[in-house]
Amino acid sequence: MRAGLRRGRAALESPADGERSPVLQRAREAIVQAQGHATPMYGIAAALAIAVPLFIGTITGNAVQGSVIALGAYLVALRAPEGPYGTRARNLAVGVVVVAVGSGIGGLLSERTWLPVLVVPPLVALGTAIPRIGSTAGLAVLLSAVRPPSDVILIGVLELIGGLLVAVLLLAPWPARRLRPLNTALSDTADAVAEALDAVAQEIGAPDASLLDDVDVTDPDLLAITRIPDWEAKRRAASEALTTARATYGLYRSGRGRQDPTRPERLIEGLARVLHETVTLQAVLEATRNYPPDRPWQEETQTAIWALAARLRLISGTIATGGEAPLGREESAAVRRMGRAAEHIRRAGLAGDEDLVAVALIGQVRRSVDRIAGEVARTRRITAGGLRIGLSPPRMPATLSPAPVLGRIRNAVRTRSPRFRQVSRVYLTALVTMALAAALHLQFGHWMTITAMLSLRATYGETVEHLVQRFGGTAAGSAVAAIILAIAPGQSTIAVIAFCFAVAGYAMRSVNYTYWALFGTPLAMMLLEYSTPSDWLTAGQRIVLTLGGTVIAYLAVRLLWPAGHVERLPVLLGRLLDRHADLVRAAADVLAGERTRLPYDKIVAAERAAEAVAETRTRLGHERLPDTVLITELGTAVDAAHRVRDHLITVAKLSREEAVDTGPIPEILDRLADQFEEAAELLEDEEHDPKAETPTEALSEELADLDTHLSKLTRRRRAELSSGVDRDEFTPLRHALLQVSGTRHVIRLLREDTGTVIDSSLQAAEPRP
């Protein structure tokens, strides 16, 4: 232990290794990053689809036709589809059609000076507006237009063959690995929920860690032992994993129309119940800090929660390995020991040796642990039965009417949404670069257009990052390509080198854009000029034109209209407040007995509203001069909104058994919902005074009534016991004491976080110079 502390002190006091050897440190980070994100099988499949046509074309004396087929494979492989294989197939099918049609259109534009200037920019803008099309259409037309004139139909057919070839190779593992994306999503979800349980266990009996918050620890190994897991971060990660799992399952389309839920659906819902119960457990444990019992309970509770997290990890391993990993035993001795410790405290309370509120809280802890254990056991049985999904025929869309699409387009134009602004910026940039290339008769002007269209992003920071990566990788890749094309002894050697570059480029594309620019640039040059060797002058021209595209893209993101994220903040924040008001109303209905549980759709709607604000906050951080005050306010509002949802889940879970006298709690929830709605109305009022009184109120009178109500329940429970009622009998009064004692602390936290969400939202929506 002392040796570890000495190593930690040395890590804080001595200079970091990166300061002594920055090159080695960066190389090490690059290797670690590549090991975590590289996709070698994707690289090999794309490389085979590119290299095989080159070899066959060279052997048969049809090198030009082989390079056209390889170019089609190159363009379709750029799409890198993810998700279930059905989704990948649909994505690749769209890519194949777009490439075939685009290459045909490009063939018609070959050796025409100004006609491509009118045709290509709208296609580039269309790809920006419709992610399903992406940059494939613009690249297909542009790269076909710069080739020598040829048979348009033949070119389209050849690129269609190349697209089909790469699609077949990427979809070849379909029969054996059809469920792998779903298994991965489910396994990740189980791991994320287990980590949330670990975070709850770690906080039991932990000292106040606020003193460590002022210490700047940079060593990740030391950070792991000086910071306990962040509950809010772990809970949010688990919620996002559940959302991803639901979305992944929805893409399979095989469970639609069924009356009974499939096994994956039951597993997802089981993990969701575990997470919601974990949220309740964390809140009750937080309340025990104010009312701790005198007898030991923390160690047994902590061990029980860790044991449940370990069982979830066994389930995760079984899902990930397709049933090969062991599931372990169904029952847990640690949970039984925790139950005995809670029973000991309960008996002490009945004897008058423990505070009844503390006894009630420990009873709630025991119930939450038992419910989590039950859900984990059910999840284990579902996993043991196997996660199988049948096949179903594809379904046609519900409607083919273009009215909804046209409505969204009109709304985007009317409101000048961020996407509309980005589409307009991309269109104008592509138009300028192509017009310059046509006016100056630049032979390789398409490199300038490609650099500008692929590097221009929605924010200043993202655009600059891509421009630097694009120019650096293109400059190095052009030099490498010039050397290879100048010294290569023949086309067969070039095909082998193209295969190697394709493997490296596509495999490392998801790691860093610089890698793709470094390996993808020589690959594209080899495909476009497979039968015409290049030289150093050509490489220099490409570097200069890439620099020109970099400058134009920078000027576009710097001088053209802003992205519009700040202008949309009042709308996003108003939606955030409205969705949380609906969720608070639903929680009040649960307490009133009108609902049995919080509606899942309302929880998701509130979560998505918060994530929309968080995404805008991230984009604002990429601006040239980020407004740090605004970014901080948005972060505060989003974090508090996540806590509000946790509190409401806890309140609903604690009131699930039967209706009891909850005192002023429903009234408090209604008042909080009113405050959310009033704040949303203030955001809609463009003439409201930012300094005026906000709808957040102290609610001190209602909270005082809640404390009085809890005291009355405690006295009535003692009187009930004194009147001769069996101490083990579960009476309505005993249940009311259990419920209100666990809810009281949560209601106070809910009031505080509601005020934080409202105040931060109103502050963030204030006009800024």
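Student: What percentage of the 769 residues in the chain is made up of buried residues?

Tutor: This is a predicted model, and in it 49% of the 769 residues are buried. A residue is given that label when its relative accessible area is under 20%.

Student: Why is Leu442 called partly exposed?

Tutor: Leu442 has a relative accessible area of 31%. Buried requires under 20% and exposed requires over 50%. The value of 31% lies in between, and therefore Leu442 is called partly exposed.

Student: Where is Leu442 found?

Tutor: Leu442 belongs to the loop between helix 19, residues 418-439, and helix 20, residues 446-455. His441, which follows helix 19, has a positive phi, near 55 degrees.

Student: Which residues is Leu442 in contact with, leaving aside its neighbours within four places in sequence?

Tutor: They are Leu436, Ala437, Met448 and Leu545. The term contact applies because heavy atoms of the residues come within 4.5 Å. Between the C-alpha atoms of Leu442 and Leu545 the distance is 9.0 Å, although 103 residues separate the two in sequence.

Student: What makes the span of helix 19 close to the expected one?

Tutor: Helix 19 has 22 residues, and at 1.5 Å a residue the expected span is 32 Å. From its first C-alpha to its last, helix 19 reaches 31 Å, which is close to that value.

Student: How many helices and strands does the chain have?

Tutor: The chain has 30 helices and zero strands.

Notes. Residues numbered from 1 in each chain as written. Predicted model: local features only at pLDDT ≥ 70, side-chain atom pairs only at ≥ 80, totals over all residues. Heavy atoms only, no water. Helix = DSSP H or I, 4+ residues; strand = E, 2+ residues; numbered from the N terminus. Buried < 20%, exposed > 50% of the residue type's maximum accessible area, 1.4 Å probe, protein only. Expected span 1.5 Å × (residues − 1).
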